[in-house]
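Open the model in your viewer and keep the selection panel at hand. We will go from stop to stop.

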Amino acid sequence: MKLTFRWYGEKDSIPLNYIKQIQGMTGVVTAVYDTPVGEVWDLDKLLRLKQLANDAGLEMEVIESVPVHEDIKLGRPTRDKYIEAYKQNVLNCGKAGVKCICYNFMPVFDWFRTDLNYRHTDGATSLAYAEADFRKLDKRNLRLPGWDESYTAEELGDLLKAYEGMTHETLFENLVYFLNAIMPACDQADVDMAIHPDDPPWDIFGLPRIVGRESDYDRLFAAVPNKHNGITFCTGSLGAGRFNDLPKMAAKYASRIYFAHLRQLKFTSETDFYENGHQTDAGNVDIYAIVKALVENGFDGYLRPDHGRNIWGETGKPGYGLYDRALGAAYLAGVFEAVEKDLGKK
Ligand code: DNO
């Protein structure tokens, strides 16, 4: 296991040396943020990020994310042009020493919460999801802070229209087409692709979502067996689906899990939840059982603490403050150490 930390590049308010001061931290997870989706990243920009990380004593072996252009997800004729650019990005990542690329295949939207500032009784804040608030949203005028991409109202309307009638099967075929097309570049660069699950793992706003449960992974690996086709195992995204048995999935797919996002959720009703500190007893995600399943089954990938709370007066990017993610990193490293020692693996 290699412990890593998300770093939003030079604009991140958290300095690299603070990240390095978290004991056991080996590297950062980052991306080139100023290039439009679908274009080739400047190799120099990647190399500069790597240099900055290395200068702080950190590696840069994971990119989160190289986003996938909507034309690829939609299967439009223009997709081949965007796939060529994606392949070049994979090759450039390889040249910069990157070993793993996290990406997702969610139409239009990335992760989704109804509250970015949910207040806990102890004064901490975190992200939260409430079904009733979700129902009140105006789909035509969605502006939620925190998304990696945001569209104008007009672009959003056009995109939603383009997806009308898109079935799960077609979206899945488009994912397989994309993966088969980029696998030769992944083989050449020896870069693993790690698909991030849909968050939450069900259809939203009538858009199909296809990466959120065990059967989805089974069909994905059956369709694209290449070992460079792998998973980002995100416990917060998968855990929002109460139908998922996370320790079972962690055990089953351990050898395909190249990247793990470990975080906690606390359900307040059948559908509603808020995010919490990482400890197992802080919520419904059994972090201990998941770590045990990963270690027992030979997980050898990258790991990062995922969304934390904002605590101690910090007003960081929702989910991505320093303090609670640092606590999460220390906790996760401790659980790994205990489990690895118990299993004679350390
Ligand atoms: C949210 C993140 C996601 C993730 C992308 C990966 O905090 O986990 O935005 O980076 O879905 O492509």
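Predicted model: local features only at pLDDT ≥ 70, side-chain atom pairs only at ≥ 80, totals over all residues.

A search of the whole structure turns up 3 cavities of 30 Å³ or more.

Go to the largest cavity. About 220 Å³ of space lies there. Select Arg-6, Asp-110, Trp-111, His-307 and Tyr-320: of the 20 lining residues, these are the closest to its centre. Now colour the lining by class. You get 4 nonpolar, 7 polar and 9 charged residues.

What takes up the space of the largest cavity? Show the ligand: the space it takes is this cavity. Next, select the residues around the ligand. There are 14, and the closest are Glu-64, Ser-65, Asp-110, His-307 and Tyr-320. By class, this shell holds 5 nonpolar, 4 polar and 5 charged residues.

- Tyr-320: an N or O atom of its side chain is 2.6 Å from an oxygen atom of the ligand.
- Asp-110: a polar side-chain atom lies 2.8 Å from a ligand oxygen atom.
- His-196: a polar side-chain atom lies 3.2 Å from an oxygen atom of the ligand.

How much of the ligand does the protein bury? Taken alone, the ligand exposes 330 Å², and the protein buries 99% of that.

Move on to the second largest cavity. It holds about 80 Å³ of space. Select Val-37, Gly-38, Glu-39, Pro-67 and Asn-89, which lie nearest its centre among 15 lining residues. Then highlight helix H4, residues 79-95: this helix gives the most to the lining, with 4 residues. Colour by class once more. The lining of the second largest cavity has 10 nonpolar, 4 polar and 1 charged residues.

Technical notes. Residues numbered from 1 in each chain as written. Heavy atoms only, no water. Near = heavy atom within 4 Å. Polar contact = N/O pair within 3.5 Å; in protein donor to acceptor, adjacent residues only side chain to side chain. Areas by Shrake-Rupley, 256 points an atom, 1.4 Å probe, with all protein chains shown as cover. 1 Å grid on protein atoms, 1.4 Å probe; cavity = no way out; pocket = protein on both sides within 12 Å on 5 of 7 lines; lining within 4 Å. Sits in = over half its atoms within 2 Å of the grid points. Nonpolar A, V, L, I, M, F, W, Y, C, P; charged D, E, K, R; others polar. Points joined across faces, edges and corners; volume = space filled by probe spheres on them. Helix = DSSP H or I, 4+ residues; strand = E, 2+ residues; numbered from the N terminus.
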